[in-house]
Amino acid sequence: MALHVPRAPGFYSMMKEGARHYAGMDEAVFRNIEACCQMSGMTSTCYGPVGMNKIVINHIGKHFITKDAATVLQELEVAHPAAKMLVLSSKQQEQEAGDGTNLCLMLAGFLLKEAESVLRMGLSPTEVVAGYEKALEMAQKMLEDQIVGQVSDVRDIAQVEPLIRCAVMSKQFGLHERLARLISEACISVLPQGGHFDVDRVRVCKVLGGSVDGSRLIGGMVFRRAAEGDVTQVIPESGRVKVAVFACPVDFLQTETKGTVLMETAAELANFSVEEERIMEAQVRSLAEAGARVVVSGGKVGELALHYLNHYNILALRVSSKFDLRRLATATGAIALPRLTTPTAEEMGSCSRVVTQEVGDTNVVVFEEDNCKISTVLLRASTENLLDDLERAVDDGVNAYKALTRNPRFVSGGGATEAALAVKLAAAAEAEPGLEQYAISRFANALDAVVKTLATNCCLNGAETLSKIHAELAAGRKHIGIFCDPDSGESAVANVSERGLSDLLLVKQWALRLACRSACTVLSVDEIIMSRPAGGPKPRGPGGDDDD
Amino acid sequence: MTQQIQPRIILLKEGTDSSQGLPQIISNINACQAIAEAVRTTLGPRGMDKLIIDDRKKATISNDGATILKLLNVVHPAARILVDIAKSQDAQVGDGTTSVVILACEFLRQMKPFLEEGVHPRVVIHALRRGTQLALDRLDEIAVKIAKDDPAQVRSLLEKCATTALNSKLVAHQKEFFSKLVVDAVMLLDELLPLDMIGIKKVAGGALEDTRLVSGVAFKKTFSYAGFEMQPKKYANPKIALLNIELELRAERENAEVRVKSVEEYQKVVDTEWNILYDKLVTLHKAGVKIVLSKLPIGDVATQWCADRDMFCAGRVPEEDLRRTQKACGGRIHTTVVGLTDATLGTCELFEEVQIGADRYNLFTGCPRARTCTIVLRGGAEQFMEETERSLHDAIMIVRRARKNDSVVAGGGAIDMELSYHLRQHSRNVTSKQQLLIGAMAKAFELIPRQLCDNAGFDATFVLNKLRNRHANGDLWAGVDIQREDVADNFTACVWEPALVKANAIVAASEAACSMLSVDETVKNPASSSTLPNENKPVKPGRGMGRPC
């Protein structure tokens, strides 16, 4: 009797009910490519200075009007697993270079699209991946040849501003001049001598109303909150204002352990509040004697404490965010004290002036500092959405400055670098003997597609513009890209480096690398297994808390 | 089975709504037109009011654009931008909220045909920005500066601005009366012109003309205990103590506990509690205080005690009133009675309690540092008074702005016609596509005089033709004359508004229009179902508005 071998169960019977499984070229690879292309297509209209905005409404109903790809993707909550990989790569781009998220995303999309045709031709994904890796290596080398110049002094505003302007231009075209000026001034003013640039030192304070032209730079920190007591400004005749920073509430401390005040005699009862007042007064008096003119509290300011603070003419401000408190401590050189004690001379911070200003109808308290470690860009605009988007543009600009301090070299912008790389890669592909040839030339096509998209967004004919650029490049001219004139709003093919359009080398390097890697990762997946989504409450969505 | 092999590609979460492209822009513009329709009839002196009933069945009558839009609870993503600019205009200048909204919509409406014909939105945006700059430059150029050194001239300027602002409000019939009142109120303030130092109190009953300005503080008599009737209600030059102390028998501390061993000791504890209260009162009395005001309750023991010693007391005074009293009368708000000196006590020339309408009011007048004032509004219906309060608020804001910036332009559509004329002239010198677009913008500026005429029931085409003619002949300030259904020189007719109001309205409207045009896609995520949106959820701090940075 033959041995009975039970038939192995099928895939679905091995998994819990509700699991999904896709495998093979048609089911997994092509579908992944399709999904990724769809997503990158969504943000491709945002690319470039004259790209369009999107309104995104997230799951709690908050509006975003933006063309920042990272923000759009973050709020979109992409569900497709392969598309998620692209989102991750653009997030990484944001962390590494601070800018160029859209470039990274689009390039990855185009790489995948181009890969599809070679895959259908019969190449295996591994061959395409190998080719792409090789192309990336070549492109990185070629990128070095594209360098236009470098910033010799990161403190020189004349050198820094054009680069920041290009970074901001892609976010807020038309307002870029003003913003770039603000950002470069802010960044240079907080760059420590010989130290690393910390993006956290450039703060943004948004106040609704007025126009973008009303935005300005304030040396020091700005809090959108009025002072607690009667004292609203401290302007010393000479010297500096001493600031005491407390991470705790300025009030009587409450015991954590449950306790009661036990009184045994009537005298104790009579003296209780008198004693309390005496202690608080002694506390505030010793603060005043230590020279403190401003008290910043991390929690509430007790009524009795406020009474004595008013009495001793001390300005009291409540800062509820722990992060802001820490920044203020850095800015003033104070040490945030965990409990209400009199700070020693070292623990006391100082600044030049503390004033209250009316901006629109909002009162803000400004800790001014003549040579400050923190500066604040006060943004004004007529809508909340615009304010939020301006803030993102400022963030990008500041990140661009940070990248600049790490690597001061830059290449030409406006699609010129991509176009030049594409031409060179295409030529290099011809010389390649193996099967990688196909993939490398597809890589070049993908770069061309990026230029084409930029042209389309600039209301030019994509194919026509691309051929024009190629012709110019073939004629031996360099740095040919698309220039969008901010004065007339018209775009044309021109030598962009002469027009001052340049992008940071670092941004391009990372964008190429991350786009290629994520595309390769997506290509190398041939099977997706999804288990049944668990019931119960939804886990915390992507993005999480953005408390800076 | 085939279903399982080839499911739809789900890129985004299910339920996500995504619409894009040019149709999206056009549909956004259409949504904005609907909003503009809702508020356009409120513009101008002959504008109509709106009665809005909110979700709590509370009726509000208003013709203030910002108020109406706020109450409408707009959810359309693009139209919410309009609500935002109305809010921003309110914050920045305080008036002109209706004009900013309809101006933004008109910009969009005029640009719509171009978009439909295939002009790229970016080109339109560029033209809008350029047109705005041109308009602002022209505004600066023609705005009339008033010399600040002549007080009489400044005053008349302020009154004219207030009159223009009030012209379009519910109280237009009493505009002379109220504009004087508003200017008086603002003149009483100090250099910073803090808005919260003008208190507005509403007392039902009486006529609008019974409204009075108290150069000092006035607030409604607070809840009082027995013994209050015996207290004097009028003092000359009293000392005033402002307290943040509960004058009542109370536990010294919430978690305090007294353990006694004998009856005598117990009695002593009871006595001490009384003594603590009496000590405070004695301290006040010894310092010569005649009037005691406290944020916290003043109990019947203290009330009676004060009555016996020729003192007046009022507990549970609202904080803002107490602060204003402090600003007017000097002194400090005390949280303890220890360390009471004359310097920390306030004073005023006259304190009295008077009857206004059905309410008793505490009046402090002749204050040494009268940096504050109170407007006591009288009127019939409650909604009517609320609208009057909003109107006065707008007028006060206008006067404050006018006091800070002294350049004015003529209202009543005059400035709008002039800007329109200027832009049209300029557009003829432009060779590119911009010519048509800036021309369209010029047309958009004509909306305000047109709407003024429509609302007043005039023949708008007729009046506008006349206006265009006058402006072409160099008559800068020709505007709509509401009284005579004609055109007139509105500058000599004293219809003035601060240039700043107009400048801000133009900027805000164009910024809104630009951001509306720059959006080609709306993606809406499904609201998270596990929690209710907004209310029950620990929302991210601020949500764009309240987060202190």
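## Stop one: the interface

Select chain A and chain B together: the area buried between chain A and chain B is about 8,100 Å², with carbon and sulfur atoms giving 51% of that. Buried area here is the accessible area (1.4 Å probe) that two parts lose on being put together, summed over both. Now pick Met52(A), Ile55(A) and Ile60(A): they supply 8% of the area that chain A buries against chain B, more than any other three residues.

Before moving on, some bookkeeping. This is a predicted model, in which local features need pLDDT of at least 70 and side-chain atom pairs count only at pLDDT 80 or more, while totals for chains, interfaces and linings use all residues. Residues are numbered from 1 along each chain as its sequence is written, chains are lettered from A and ligands numbered from 1 in the order in which they are written, and side-chain values use heavy atoms, leaving out hydrogens and water. The predictor gives the complex an ipTM of 0.75 and a pTM of 0.80.

## Stop two: chain B by confidence

The chain B average is 81, and 91% of the residues score at least 70. Select residues 1-8 of chain B, where the pLDDT is below 50; beyond near neighbours in sequence, this stretch has six contacts in the model. Then jump to residues 530-549 of chain B: pLDDT is below 50 there too, but that stretch has 39 contacts beyond near neighbours in sequence.

## Stop three: chain B as a whole

Switch to cartoon and you'll get 17 helices and 22 strands in chain B; these are DSSP runs (helices H or I, at least four residues; strands E, at least two), numbered from the N terminus. The C-alpha atoms of chain B fill a box of roughly 100 × 85 × 35 Å along the principal axes. Of the 549 residues in chain B, 55% are buried, meaning under 20% relative accessible area (1.4 Å probe, protein chains only).

## Last stop: Gly315(B)

Zoom to Gly315(B), in the loop between strand S12 (312-314) and helix H11 (319-329) of chain B. Is Gly315(B) buried or exposed? Its relative accessible area is 7%, so Gly315(B) counts as buried. Leaving aside neighbours within four places in sequence, Gly315(B) is in contact with Thr222(B), Ser294(B), Leu296(B) and Ile298(B). Finally, draw a C-alpha to C-alpha distance to Ser224(B): it's 7.2 Å from Gly315(B), though they're 91 residues apart in sequence.

Conventions. pLDDT = per-residue confidence, 0-100. Contact = heavy atoms within 4.5 Å. Buried < 20%, exposed > 50% of the residue type's maximum accessible area, 1.4 Å probe, protein only.
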